[in-house]
Amino acid sequence: MLYRKNAEKELSRALFERPSSEYRGTPFWSWNCRVTKELITEQLENFRKMGFGGAHLHPRTGLDVPYLSEEYFDLIRFAGEECKRLGLLCWLYDEDRYPSGAAGGLVTEENRFRARWLLFTREKKDDLCASRAEFLAQEQAGGHPAGYFLAAYRVKTEGGRLVFWERLSQLPE
């Protein structure tokens, strides 16, 4: 467990008065410039002097090191080592300004790894492919189609409840 002192029956007065790293604030440390080992050491020493218990390393817009490159990982490792040396905790915020798991857009470069959803609308959308086959063909040709038409339905509701539905063979004009 990260916070080992939580297992104790009682919080000691000494720990309350001088909390260890795991009980101190840990800011998001935005990496949004040219990050160097010298900068890492300087800023981590400042965090410690300010009373922080560590930092969340957070790649952001402006990072002048290619995300997930060997240089990037070398700097991450160095920051972790410096945190240990200074008695700080270190977390890696791995999203590079994207939703979790997108790896700075690298994962979602390919359509097959992007989120999918159904769009329910009252009107025909002209920017959609007419079929899944057309969508896949455009994708194979290097395009980035917005989606494809799946089905059209005629529905009737009463009092907010569905009372009738019928799948149409084609979109109504």
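Where is phenylalanine 73 found? I looked it up in the model, which is a predicted one. Phenylalanine 73 sits in helix α3, which covers residues 70–86.

Next I checked how open that residue is.

I then compared positions. Between phenylalanine 73 and leucine 162 I found 89 residues in sequence and 54 Å in space, taken C-alpha to C-alpha.

I turned to the largest pocket. Its space comes to about 1600 Å³. I found 41 residues in its lining, and Leu118, Leu119, Leu128, Tyr148 and Leu150 lie nearest the centre. The elements giving two or more residues to this lining are α4 (132–140), β4 (152–158) and β5 (161–168). I recorded β4 as the element that gives the most, with 6 residues.

What classes of residue make up the lining of the largest pocket? I noted 24 nonpolar, 13 charged and 4 polar residues.

I looked up leucine 150 separately. It is found in the loop between α4 and β4. Is leucine 150 buried or exposed? Its relative accessibility is 55%, and the cut-off for exposed is over 50%, so leucine 150 counts as exposed.

Last, I looked at the surface. Leu150 belongs to a nonpolar patch there, together with Leu118, Phe120 and Tyr148. I noted about 490 Å² of accessible area for these four residues together. Leu118, Tyr148 and Leu150 are also among the residues that lie nearest the centre of the largest pocket.

Note on methods: Residues are numbered from 1 along each chain as its sequence is written. This is a predicted model: local features need pLDDT of at least 70, side-chain atom pairs count only at pLDDT 80 or more; totals for chains, interfaces and linings use all residues. Side-chain values use heavy atoms; hydrogens and water are left out. On a 1 Å grid over the protein atoms alone, a cavity is a set of points where a 1.4 Å probe fits but cannot get out, and a pocket is an open set with protein on both sides within 12 Å along at least five of seven lines; lining residues have an atom within 4 Å of a point. Grid points are joined across faces, edges and corners, and a volume is the space filled by probe spheres set on the points. Helices (H or I, at least four residues) and strands (E, at least two) are DSSP runs, numbered from the N terminus. Ala, Val, Leu, Ile, Met, Phe, Trp, Tyr, Cys and Pro count as nonpolar, Asp, Glu, Lys and Arg as charged, and the others, Gly among them, as polar. Patches are made of residues with over 30% relative accessible area and no salt bridge: like charges are joined within 9 Å, nonpolar side chains (Val, Leu, Ile, Met, Phe, Trp, Tyr) within 5 Å. Accessible areas come from the Shrake-Rupley method with a 1.4 Å probe; for residues, only the protein chains shown count as cover. A salt bridge is a side-chain nitrogen of Lys or Arg within 4 Å of a carboxyl oxygen of Asp or Glu. Buried means under 20% relative accessible area, exposed over 50%, partly exposed in between (1.4 Å probe, protein chains only).
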